[in-house]
Amino acid sequence: MFLVGLTGGIASGKSSVIQVFKQLNCAVIDVDVIAHQVVQPGYPAYRRIVEAFGTEVLLENGDINRKVLGDLIFNQPDLRQLLNTITHPEILKEMMKETFKYFLQGYRYVILDIPLLFETKKLLKYMKHTVVVYCDRDTQLKRLMQRNKLNQEDAEARISAQLPLKDKVHMARHVLDNSGDWSTTKRQVIVLHAELERSLEYLPLRLGILTGLVGLVGLLYLLTHYLLPSL
Ligand SMILES: Nc1ncnc2c1ncn2[C@@H]1O[C@H](COP(=O)(O)OP(=O)(O)OP(=O)(O)O)[C@@H](O)[C@H]1O
C-alpha cells in the first residue's frame with residue numbers, strides 16, 4: 001500500500017474531488033476531521049491542552065473552544081508550537097491507525113486530504129504521490145465569494161493568506177485542474193484513480209509484511225518442533 005497526499009487552496013475543489021474518490025470506493029482519510037477528533041474530551045491531547053492552556057479554553061459543555069484557542073495562539077509562535085507538539089503526534093497516531101485498517105482491508109492506496117500539506121511539510125515524507133486540486137485565481141475567487149458569501153476584498157485576503165496555488169502546482173506530482181466544468185474534473189479524477197490502481201507501488205509494503213509473517217511462522221515452527229521439545 002502507498003499514501004497519496006491531496007491538497008489545494010481555499011475553495012479550489014478538494015472536497016468535491018474527494019467525493020468522487022469516495023464514489024470510486026477509494027480509501028480516504030480527512031486529516032482535518034482527525035484534528036478535530038483528537039481534541040475531543042477523552043482523548044489524551046484534550047487533557048494536555050487543558051493542562052497547558054487552562055480551563056479558559058473550554059466551552060460550557062467541556063469541549064475545546066476552538067475560537068478562543070485560535071485567538072490565543074494567533075501571533076504567538078511559542079504557544080502555537082506548544083499546541084502543535086501536543087496535537088501533531090496524536091494526529092499522526094490516528095492517521096496511522098486508520099491507514100492500517102485500510103491496509104488490512106486490502107486497499108492499494110490511501111488518499112489523505114491534507115489542506116496544508118505543502119505549508120507544514122510534516123506529512124510530506126510519508127506521501128508516495130502528491131495531488132494538487134488547482135483552479136485559476138479568478139475562478140477560485142468567484143467560487144469562494146459565492147460559497148462563503150464574501151465580498152471580493154475579504155475573499156482575496158483569504159486567498160492571499162495561503163501559499164499561491166500555482167506554487168503548489170510545481171510541488172505536486174499530479175495536478176487536477178478544476179478551473180473548468182465539473183464533468184472535466186471528474187474525468188481527470190477517474191483517470192488518476194486508474195493510474196494509481198495500476199501502479200505496483202503497493203507491492204513492497206505488502207511483500208515486506210508477508211515476508212515478515214512467513215519468517216515469524218517459520219521461527220515459531222522451529223521453536224515448537226526442534227528447540228522447545230528438548231527443554
Ligand atoms: N468544477 C466546478 N464547477 C463549479 N463549481 C465548483 C466546481 N468545483 C467546485 N465547485 C464549487 O466551488 C466551491 C468550493 O469547492 P470545495 O468546497 O470542493 O472546495 P475546497 O477546496 O474543499 O474548499 P475549502 O478547503 O475552502 O473547504 C463549492 O461551492 C463547490 O460546489
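Begin by selecting D30 and D113: in this predicted model, D113, which belongs to β3, is the bridge partner of D30. Strand β3 covers residues 109-113, and four bridges connect it to β2, with the two strands running parallel.

Now display the whole sheet. It is open and consists of five strands, arranged β2-β3-β1-β4-β5 with parallel pairing. At its edges are β2 (27-30) and β5 (174-177), each of which pairs on one side only. Looking from one strand to the next, the viewer will find a twist that averages 25 degrees.

Select V4, L6, V110, I111, L112, V131 and L176, the residues with the most contacts inside the largest nonpolar core, which has 37 residues. Elements that each supply at least two residues of this core include α1 (14-23), α3 (44-53), β4 (129-134) and α10 (182-198), as well as helix α5. To place the core in the overall architecture, colour domain 1 (1-26 + 110-199) and domain 2 (37-106) separately; the core lies between them, because both give residues to it. In soluble globular proteins, nonpolar side chains tend to be buried together.

Finally, centre the view on L176. Leaving aside residues up to four places away in sequence, L176 touches V17, V131, V133, Y134, T185, Q188, V189 and L192.

Methods: Residues are numbered from 1 along each chain as its sequence is written. This is a predicted model: local features need pLDDT of at least 70, side-chain atom pairs count only at pLDDT 80 or more; totals for chains, interfaces and linings use all residues. Two strands pair if DSSP finds at least two bridges between them. Axes are lines fitted to C-alpha atoms, for helices over the stretch in contact, and angles run from 0 to 180 degrees between N-to-C directions. A nonpolar core is a set of buried Ala, Val, Leu, Ile, Met, Phe, Trp, Tyr and Cys residues joined through C-beta atoms within 7 Å. A residue is buried if 20 or more other C-beta atoms lie within 10 Å of its own, exposed if 12 or fewer, and partly exposed in between; C-beta atoms are placed from the backbone. Domain bounds come from an automatic or database domain assignment. Two residues are in contact if their C-beta atoms, placed from the backbone, lie within 7 Å.
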